[in-house]
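Please look through the structure shown here before reading on.

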Amino acid sequence: MQDLIYLRSYPESIRQQVSLLLSQGKLGPTLQQRYPEQQHNIQTDKALYELTLRLKQQFMKSSEPISKVQFDPKIHVIHNALGTHTQITRIQGGKLKSKNEIRVASLLKQLPLPILQMVVVHELAHLREKDHNKAFYQLCQYMEPQYHQLELDLRLFLTLRESAEGV
């Protein structure tokens with residue numbers, strides 16, 4: 001079985017199923033069937049910012065404001081995951097000012113909209129929960145009930161992408 005780096009934390013049975021789908025050339029068609037519309041119109045930083053604010057307004061009205069949301073071509077899939085959240089704190093005139101920024105990998109422009117939304121939900125959840133703990137994942141599921149399936153599907157897309165590059 002090949003090294004499925006994006007699926008290392010998943011059970012052996014899932015990794016075996018994915019290996020079989022890959023070896024049979026069926027992983028791509030399976031994902032295509034699950035996500036027939038793989039292109040979406042969130043292609044600019046402005047559109048990404050608007051999507052993020054809509055989700056924040058719907059689920060996290062009382063959370064701290066977000067000052068910046070953008071696609072980042074420098075985010076490397078393995079080392080930095082697919083998104084980052086930062087809180088920048090500065091002292092201005094004796095006051096402590098804080099700004100929240102969210103950056104997501106530009107690669108997400110090429111993946112289906114539900115996958116992009118799942119990553120945005122993940123980063124929004126970090127506004128309240130800094131760690132990947134039970135409360136964090138409960139918040140993610142509150143905002144996106146299919147969160148765990150979408151996370152697996154994202155990993156499947158990345159696995160397919162890597163196997164295609166390795167061919």
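**Aromatic pairs and helix packing**

In this predicted model, the count of aromatic pairs comes to four, where rings of Phe, Tyr and Trp (its six-membered ring) pair if their centres lie within 6.5 Å, and planes under 30 degrees apart count as stacked, over 60 as edge-to-face and the rest as tilted. Because the model is predicted, local features need pLDDT of at least 70 and side-chain atom pairs count only at pLDDT 80 or more, whereas totals for chains, interfaces and linings use all residues. Residues are numbered from 1 along each chain as its sequence is written, and side-chain values use heavy atoms, with hydrogens and water left out.

**Ring pairs**

- Tyr35 and Phe157 form a tilted aromatic pair, with 5.8 Å from centre to centre and 50° between the planes.
- Tyr35 lies in the loop between α2 (27-34) and α3 (45-59) and Phe157 in helix α6 (residues 147-166), so this pair ties together parts that are 122 residues apart in sequence.
- Both Tyr35 and Phe157 are buried, a class that means under 20% relative accessible area, with exposed meaning over 50% and partly exposed in between (1.4 Å probe, protein chains only).
- Tyr137 and Tyr147 form another tilted pair, at 6.1 Å centre to centre and with 55° between the planes.
- Tyr137 lies in helix α5 and Tyr147 in helix α6, so the pair ties together parts that are 10 residues apart in sequence.
- Tyr137 counts as partly exposed at 25% relative accessibility, while Tyr147, at 1%, counts as buried.
- Phe136, Tyr137 and Tyr147 are linked by ring pairs into a cluster.

**Helix α4 against helix α5**

- The axes of helix α4 (residues 113-125) and helix α5 (residues 134-143) come within 9 Å and cross at roughly 135°; axes are lines fitted to C-alpha atoms, for helices over the stretch in contact, and angles run from 0 to 180 degrees between N-to-C directions.
- That angle makes α4 oblique to α5, since angles under 35 degrees count as roughly parallel, over 145 as roughly antiparallel, 65 to 115 as roughly perpendicular and the rest as oblique.
- Val121, His122, Leu124 and Ala125 in α4 meet Phe136, Leu139, Cys140 and Met143 in α5, with contact meaning heavy atoms within 4.5 Å.

**Helix α3 against helix α4**

- The axes of α3 and α4 come within 10 Å and cross at roughly 60°, which makes α3 oblique to α4.
- This crossing of α3 and α4 is also right-handed.
- The contact is made by Leu48, Leu51, Thr52, Leu55 and Lys56 of α3 together with Leu116, Gln117, Val120, Val121 and Leu124 of α4.

**Gln141**

- Gln141 is placed in helix α5 and, at 35% relative accessibility, counts as partly exposed.
- Leaving aside residues up to four places away in sequence, Gln141 touches Tyr147 and His148.

**Overall make-up**

- The protein has six helices and three strands, where helices (H or I, at least four residues) and strands (E, at least two) are DSSP runs, numbered from the N terminus.
- From the N terminus on, the elements run α-α-α-β-β-β-α-α-α.
- Of the 167 residues in the protein, 41% are buried.

Technical notes:
Left-handed = near helix turned anticlockwise from the far one by under 90°.
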